[in-house]
Amino acid sequence: MAAVKTVKIDGEIIHIFNSAIYIFESHSGFTLELDMIVSEVMFKKYKQEQTLIIEIELEDGRIIDSIMHLKTLSGGLPQLNLFCDLDDIDEYEDFDRVDENSSWFPNVEDGITLEEIRKVEMPIEDVSLKLKLPIDQVEWLKKQKKKDLNEMFTHLIYEIWKK
């Protein structure tokens, strides 16, 4: 069974929390499939792409370079599914094979939680708040730098969560 060591997307090494590489067999032919659990940041970065330049390094040292198509799967953990057609499957003899009728299908989400993913790379989102505050507090807030306000609110929210 082949196992993935590293993956580069457009030359950038990405952190993979779990992955499965396999051959999918259908009536139209064979495709090389790579399912990966990635961070929400990486998912958001690539989810709109249709094709990507991929370099996959396997545990046994083999390198697979390919232009692969991307499918994103909604729900659950942030997952990218990359695939490309294969003409010659002889060099992939040690890869698992799956078809539409297989009882086994790779489950890359097994044993991983969103909390574990966020410990490695926490997504940062912009948020806008509408508040009614006394004018002296509004004036004070307006004098603060955005970076300082971000740190203050982050710290304040974590402190409130602890209670």
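**Close-up views of a predicted model**

**View 1. Lys162 and Glu159 form a salt bridge.** Their closest N and O atoms are 3.4 Å apart; a salt bridge here is a side-chain nitrogen of Lys or Arg within 4 Å of a carboxyl oxygen of Asp or Glu. This is a predicted model, in which local features need pLDDT of at least 70 and side-chain atom pairs count only at pLDDT 80 or more, while totals for chains, interfaces and linings use all residues. Residues are numbered from 1 along each chain as its sequence is written, and side-chain values use heavy atoms, with hydrogens and water left out. Because Lys162 and Glu159 are 3 residues apart in helix H4, about one helical turn separates them. Helices (H or I, at least four residues) and strands (E, at least two) are DSSP runs, numbered from the N terminus. Lys162 is exposed, at 66% relative accessibility, and Glu159 is partly exposed, at 33%. For these terms, buried means under 20% relative accessible area, exposed over 50% and partly exposed in between (1.4 Å probe, protein chains only).

**View 2. Asp60 forms a salt bridge with Arg62.** The closest N and O atoms of this pair are 2.8 Å apart. Arg62 is partly exposed, with a relative accessible area of 29%. The count for the model comes to 8 salt bridges.

**View 3. Glu125 and Lys44 are joined by a salt bridge.** Here the closest N and O atoms lie 3.5 Å apart. Glu125 is in the loop between helix H2 (114–120) and helix H3 (135–143), and Lys44 is in helix H1 (residues 40–46), so the pair ties together parts that are 81 residues apart in sequence. Both residues are exposed.

**View 4. The largest pocket has a volume of about 930 Å³.** Of its 18 lining residues, Glu125, Val127, Asn150, Phe153 and Thr154 are the closest to its centre. Helix H4 (residues 146–162) gives the largest share of the lining, 8 residues. The lining divides into 12 nonpolar, 3 polar and 3 charged residues. In this count Ala, Val, Leu, Ile, Met, Phe, Trp, Tyr, Cys and Pro are nonpolar, Asp, Glu, Lys and Arg are charged, and the others, Gly among them, are polar. A pocket is an open set of points on a 1 Å grid over the protein atoms alone, where a 1.4 Å probe fits, with protein on both sides within 12 Å along at least five of seven lines; lining residues have an atom within 4 Å of a point. A volume is the space filled by probe spheres set on the points.

**View 5. The largest nonpolar core has 28 residues.** Such a core is a set of buried Ala, Val, Leu, Ile, Met, Phe, Trp, Tyr and Cys residues joined through side-chain atoms within 4.5 Å. Ile9, Ile21, Leu32, Met36, Ile56 and Phe95 have the most contacts inside it. Leaving aside neighbours within four places in sequence, Ile56 is in contact (heavy atoms within 4.5 Å) with residues including Val4, Ile21, Leu34 and Met68.

**View 6. Gln79 lies in strand S7.** Gln79 is buried, with a relative accessible area of 9%. Not counting residues up to four places away in sequence, Gln79 touches Asp35, Met36, Ile37, Phe43, Thr72, Leu73, Val108 and Glu109. The C-alpha atoms of Gln79 and Glu109, which are 30 residues apart along the chain, are separated by 8.4 Å.
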